[in-house]
Amino acid sequence: MIKRPEYELPHTFTHERSTVTQEQLDRVIGEFFEDAEVKVSVSMQGQRVHDNGAVILGTKAGPGYSLSNLVHEMAHFVEIDEGRMAEPGWGLRVPEQWAYNRMCFEPTTCQATVREIRVMAFQLNILEYLGWPGDENDLINALQFMPDTAFVPLETGVSAYGDDTPEMPYQDTLKSQQRWRVNECRKYRRQNTADLFCTEWKRRNQLLKERRKRAL
Ligand SMILES: [Zn+2]
């Protein structure tokens with residue numbers, strides 16, 4: 001039985017944007033967080049790191065709360081290189097440059113999208129393992145808003161906006177890029193299995209515990 005208040009669904013969660021249920025929380029916490037160094041704060045957004053080095057994950061992303069959001073952050077913890085496991089925002093920084101007097105995000109590859117695809121591959125496998133499978137196409141579709149989308153290739157692997165890109169309607173370009181993302185995700189799902197996740201989750205939580213002990 002879960003008694004810790006941070007693992008209880010707040011009463012304010014009757015909002016229509018929240019799909020996370022107490023049953024889901026009890027399941028994911030019982031399975032992964034009972035002895036984990038990483039903690040959950042249900043109403044929190046994304047990932048945070050406290051001054052004492054504690055890593056906290058939430059169920060909120062944008063305006064919505066869901067099990068899928070929490071599992072997404074858990075997948076980042078397992079996917080990120082070990083040096084960044086306890087860095088705020090997983091230590092993910094985007095290249096920036098000054099242009100027209102403003103700080104602009106200037107990606108030159110789609111590596112940010114590819115990282116999210118690897119994370120989502122874990123996410124989809126874990127959601128399935130927990131018994132609440134996610135919608136692959138829906139989840140991956142959210143990546144069309146990544147700032148590096150211009151560098152996501154077409155389904156054939158050809159650059160979407162290069163000199164030798166075949167002419168096609170804009171909508172077809174977007175659909176073809178989406179098919180490339182979905183295919184990549186399916187490829188990574190064969191690697192980023194629930195088994196691998198569980199092994200890495202335990203190992204990394206232990207590693208984090210030892211690091212925090214040494215830092216005291
Ligand atoms: Zn992410």
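**Notebook: sheet and cores**

I began with the strands, and I note that β2 and β3 pair in the antiparallel sense over three bridges. The model I am reading is a predicted one.

I then traced the whole sheet, which is open and built from three strands in the order β1-β3-β2, with mixed pairing. I asked myself which strands stand at the edges. They are β1 (39-40) and β2 (47-49), and each has a single partner strand, so one side of each is left without a neighbour in the sheet.

Next I looked for a helix against these strands, and I recorded that α2 packs on the sheet, where it touches β1, β2 and β3, while its direction makes about 150° with that of β3.

I turned to the nonpolar residues and found that the largest nonpolar core holds 39 residues, of which Met 74 and Met 120 touch the most other members. At least two residues of this core come from each of α1 (22-33), β3 (55-57), α2 (67-79), α3 (111-130), α4 (136-141), α5 (170-191) and α6 (194-215). I wanted to know which element gives the most to this core, and it is α3, with eight residues.

Note on methods:
Residues numbered from 1 in each chain as written. Predicted model: local features only at pLDDT ≥ 70, side-chain atom pairs only at ≥ 80, totals over all residues. Core = buried A, V, L, I, M, F, W, Y, C linked by C-beta atoms within 7 Å. Buried ≥ 20, exposed ≤ 12 C-beta atoms within 10 Å, placed from the backbone. Helix = DSSP H or I, 4+ residues; strand = E, 2+ residues; numbered from the N terminus. Pairing = 2+ DSSP bridges. Contact = placed C-beta atoms within 7 Å. Axes fitted to C-alpha atoms, helices over the stretch in contact; angles between N-to-C directions.
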